[in-house]
Amino acid sequence: MLTVQIVLFDGFDLLDAVAPYEVFCAASMHTDNAVRVEMVTAEGPRPVTSGMNGLTIEANNTLDPERGGIILVPGAAGNVEGDGPDSIPSILGKAMNTELTTMIKTALDHKDILVATVCGGSLLLAMGGLLEGRSAVTHRLGMDLLGATGAIPVPARVVDDGNLVTGGGVTSGLDVALYLVERELGPRIAHEIEQLFEYERRGTVWRAKGIAPTTHKSLTDNEPNIVMNQTVVTSGILLNENTQTTVFDGNWDTTIATPVGKLEVKLYIKTISDVIQGTATQGNETIPFMNPVLCDNKLTWSLSITKPMRLNLKFEVAVDGDKMNGIAKAGLLPASKLTAKRIN
């Protein structure tokens with residue numbers, strides 16, 4: 001028997017969960033009950049309120065991350081913009097900070113368990129650090145954020161990365177579920193469900209197989225490598241031409257107010273031969289700045305953080321005396337306010 005566990009969390013998107021539920025129920029009907037589908041949560045049986053209009057669905061079991069079969073994680077429904085409690089980033093962040101992240105990690109470690117996501121469900125996993133180096137897709141508005149977590153964003157309707165299958169926008173739940181039925185039960189059952197629903201699965205399922213397309217242009221010797229380019233435009237901001245220090249040099253106690261919690265970081269910035277260098281220390285981990293650039297009295301750089309979630313953030317800051325102010329941004333997440341005080 002094929003077991004399908006559809007995971008619910010507070011603020012989940014109804015269509016992300018219900019569309020696959022109907023597909024798998026139809027598959028059970030056409031296979032003499034060879035498919036068992038249930039709604040589960042990380043906490044156990046409980047009523048779960050969806051996002052937006054707040055429809056409540058009863059989850060009847062606890063997610064079992066070691067049971068063979070399919071685990072499907074929907075996305076969230078809420079405000080796309082802003083960082084309030086009803087925004088999609090906040091809803092996903094709350095779900096990420098439950099036992100769900102640990103449970104899905106356990107499931108992904110089992111090759112006989114297939115983890116699937118719909119829309120923002122892949123962001124939930126990615127924000128928990130579970131998709132680093134994995135090919136995946138999410139809603140088009142979240143593709144930058146998906147890439148910022150270390151996942152490999154693929155602009156396809158459905159992406160198959162072995163024991164991880166992800167779907168794009170909200171209605172891709174039908175396509176993900178129909179593909180999983182074909183993959184696990186065969187094309188005849190999937191076709192029968194398509195006939196029943198009067199719906200044909202959309203798009204080619206992307207997999208890392210076959211001949212790779214030759215559409216990506218390689219850098220030549222005459223083209224700049226943006227990632228590695230360490231060129232600094234000083235724009236007259238140097239305070240001392242002999243020592244080549246800038247107003248940014250020093251140690252900084254820094255706070256970043258993210259939608260999912262405050263991030264405390266210590267920054268160390270120095271200038272060597274007109275080149276800005278820096279590190280960020282978070283707990284016991286020290287990470288170097290990526291591509292720091294000084295231009296128009298602002299310093300920008302990128303940085304990979306691991307807490308409160310795994311993200312590649314882009315920073316832009318300015319300094320006034322011993323105070324630093326700026327923003328940190330990743331994908332569709334609202335820009336987070338950065339404040340810092342120079343400590344020496």
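Modeller: Before we start, one term: buried means under 20% relative accessible area, exposed means over 50%, and partly exposed is in between, with a 1.4 Å probe and protein chains only. This is a predicted model, where local features need pLDDT of at least 70, side-chain atom pairs count only at pLDDT 80 or more, and totals for chains, interfaces and linings use all residues. Residues are numbered from 1 along each chain as its sequence is written, and side-chain values use heavy atoms, with hydrogens and water left out.

Colleague: Fine. Is E198 buried or exposed?

Modeller: E198 counts as exposed because its relative accessible area is 74%.

Colleague: And where does E198 lie?

Modeller: In the loop between α7 and β12 (205–207). Helices here are DSSP runs of H or I with at least four residues, strands are runs of E with at least two, and both are numbered from the N terminus.

Colleague: What is phi of E198 near?

Modeller: Near 55 degrees. That is a positive value in a residue other than glycine. N291 also has phi near 55 degrees, and N291 lies in strand β17 (residues 290–295).

Colleague: Step back a bit. How many helices and strands are there in the protein?

Modeller: Seven helices and 21 strands. Buried residues make up 47% of the 344 residues.

Colleague: What share of the contacts join residues at least 24 apart?

Modeller: 56%, among contacts between residues at least 6 apart in sequence. Contact means heavy atoms within 4.5 Å.

Colleague: Back to α7. At what angle do α6 and α7 pack?

Modeller: About 150 degrees, with their axes 6 Å apart. Helix α6 covers residues 172–185 and helix α7 covers residues 187–197. The axes are lines fitted to C-alpha atoms over the stretch in contact, and angles run from 0 to 180 degrees between N-to-C directions.

Colleague: Which residues meet there?

Modeller: From α6, L174, L178, V181, E182 and L185. From α7, P187, I189, A190, I193, E194 and F197. By class, that contact has nine nonpolar, no polar and two charged residues. Ala, Val, Leu, Ile, Met, Phe, Trp, Tyr, Cys and Pro count as nonpolar, Asp, Glu, Lys and Arg as charged, and the others, Gly among them, as polar.

Colleague: New topic. Is T101 buried or exposed?

Modeller: T101 counts as buried because its relative accessibility is 14%. T101 sits in helix α3 (residues 100–108).

Colleague: What is T101 in contact with?

Modeller: M96, G128 and L130, leaving aside neighbours within four places in sequence.

Colleague: And K314, buried or exposed?

Modeller: K314 is exposed, because its relative accessibility is 59%. K314 lies in strand β19 (residues 311–320).

Colleague: What does K314 contact?

Modeller: With neighbours within four places set aside, W301, S302, I327, A328 and K329. The C-alpha atoms of K314 and W301 are separated by 5.9 Å, and these two are 13 residues apart along the chain.

Colleague: Last one. What lines the second largest cavity?

Modeller: V265, A280, T281, Q282, I287, L303 and I305. A cavity is a set of points, on a 1 Å grid over the protein atoms alone, where a 1.4 Å probe fits but cannot get out, and lining residues have an atom within 4 Å of a point.

Colleague: Which strand gives the largest share of that lining?

Modeller: β15, with three residues. The lining divides into five nonpolar, two polar and no charged residues.

Definitions and conventions: 1 Å grid on protein atoms, 1.4 Å probe; cavity = no way out; pocket = protein on both sides within 12 Å on 5 of 7 lines; lining within 4 Å.
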